[in-house]
Amino acid sequence: MVSEVALIGDVERHLLNKIEEEGAIHIALIDPEDVTPKLASTIAEEAEGCQSSAIMIGGTTLVSTMHLDNVVKAVKSAVKIPVILFPNNITGISRYADAIWFMSLLNSSDPYFIAGAQVLGAPLVKKFGLEPIPMGYIIVGEAGAVGVIGRACPIPHNKPELAVAYALAAQYLGMRFIYLEAGSGAKRPVSKEMIRAVKAVLEVPLIVGGGIRTSQHAEDAVAAGSDIIVTGTLLEESSSREEVRERIKKIIEGIKEGVNRRYKR
Ligand code: 1GP
């Protein structure tokens with residue numbers, strides 16, 4: 001008999017352990033389209049130095065796997081924390097990463113993004129020895145580029161009950177992480193109300209990203225129940241190494257404050 005424990009690989013175990021130890025964690029997202037390999041490794045080094053738990057690499061409109069490979073290699077040689085692919089399509093798979101979010105865009109209207117790309121990508125994941133981490137991906141609010149490319153029917157911010165239904169379905173389908181995505185650079189991050197409602201029904205960790213720019217955003221999302229905070233744009237827009245560091249520090253301070261607030265209730 002194969003137990004679920006046997007299916008959980010080193011990277012997933014690392015994330016679960018860190019969530020258990022710290023209450024909630026940060027992952028830095030790097031969009032390969034926006035960076036050179038050099039800038040990617042700088043962001044990753046600063047993230048690791050500030051105690052981020054992993055680096056995610058991926059972007060909505062990425063098509064050059066060669067550039068992705070170069071970015072992943074640069075990041076891998078710069079840091080020890082795991083590098084997890086965040087693929088937009090089969091072109092988002094690199095043999096040089098540690099793991100891949102094996103994700104399904106659940107509220108897409110196009111079966112390609114629910115199971116089609118996954119079927120094409122699965123043999124490559126096997127061939128490259130990447131650790132697949134099953135994740136249900138749910139798009140909310142304005143959504144932005146990922147909503148357009150992924151042909152999503154985004155869940156309105158004021159309909160948390162729909163996010164709850166999607167998240168529960170994902171959990172019942174066996175997905176071991178759920179990601180509420182407001183869209184990269186979104187003006188409005190996922191609301192506290194939606195996070196709280198989804199977290200209340202979940203047994204598996206909840207990832208929240210899109211539009212998180214301040215320590216207050218991170219704090220509110222974590223206090224409401226987010227286990228993992230993903231930030232991308234904020235770091236890429238930084239003008240210097242010092243600014244990247246300051247911005248990550250602030251987000252991580254917000255995450256810690258959010259964890260403290262959970263216990264004060
Ligand atoms: C996008 O959730 C991530 O997929 C991160 O969003 O770029 O707004 O931080 P930001």
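By salt bridge I mean a side-chain nitrogen of Lys or Arg within 4 Å of a carboxyl oxygen of Asp or Glu. Before the pairs, the ground rules. This is a predicted model, in which local features need pLDDT of at least 70 and side-chain atom pairs count only at pLDDT 80 or more, while totals for chains, interfaces and linings use all residues. Residues are numbered from 1 along each chain as its sequence is written, and side-chain values use heavy atoms, with hydrogens and water left out.

On to the pairs. Arg247 and Glu243 form a salt bridge through their side chains, at 2.8 Å from N to O. Both sit in helix 11, and because they are 4 residues apart there, about one helical turn separates them. Helices (H or I, at least four residues) and strands (E, at least two) are DSSP runs, numbered from the N terminus. Arg247 is partly exposed at 23% relative accessible area, and Glu243 is partly exposed at 24%. For those words, buried is under 20% relative accessible area, exposed is over 50%, and partly exposed is in between, with a 1.4 Å probe and protein chains only.

In total, the structure has 13 salt bridges. One of them joins the side chains of Arg245 and Glu46, with 2.7 Å from N to O. Arg245 is in helix 11 (residues 241-264) and Glu46 is in helix 3 (residues 37-49), so this pair ties together parts 199 residues apart in sequence. Arg245 is partly exposed at 29%, whereas Glu46 is buried at 7%.

Another salt bridge, also listed at 2.7 Å from N to O, is between the side chains of Glu237 and Arg213. Glu237 is in the loop between helix 10 (233-236) and helix 11, and Arg213 is in the loop between strand 7 (206-209) and helix 9 (215-224); the two residues are 24 apart. Glu237 is partly exposed at 46% relative accessibility, and Arg213 is partly exposed at 36%.

Now the cysteines. How many disulfides does a search of the whole structure find? The search finds 0, where a disulfide is a pair of cysteine sulfur atoms within 2.5 Å. As for individual cysteines, Cys50 is buried at 11% relative accessible area, and Cys153 is partly exposed at 48%.

Next, the ligand. Which residues lie around it? Among them are Leu29, Phe86, Tyr179, Glu181, Ser184, Gly210 and Thr231, each with a heavy atom within 4 Å of the ligand. A polar side-chain atom of Tyr179 is 2.8 Å from a ligand oxygen. For Glu181, an N or O atom of the side chain is 2.5 Å from an oxygen of the ligand. Gly210 contributes a polar backbone atom, 2.9 Å from a ligand oxygen. Taken alone the ligand exposes 300 Å², and the protein buries 96% of that; these areas come from the Shrake-Rupley method with a 1.4 Å probe.

Last, the backbone. Most residues other than glycine have a negative phi. Gln51, not a glycine, has a positive phi of about 80°. Gln51 is in the loop between helix 3 and strand 2 (54-57) and is partly exposed at 49%. Arg151 also has a positive phi, of about 45°, and is found in the loop between helix 6 (145-149) and helix 7 (160-172).

Conventions:
A polar contact is a pair of N or O atoms within 3.5 Å; within protein, one must be able to donate a hydrogen and the other to accept it, and residues adjacent in sequence count only if both atoms are side-chain atoms.
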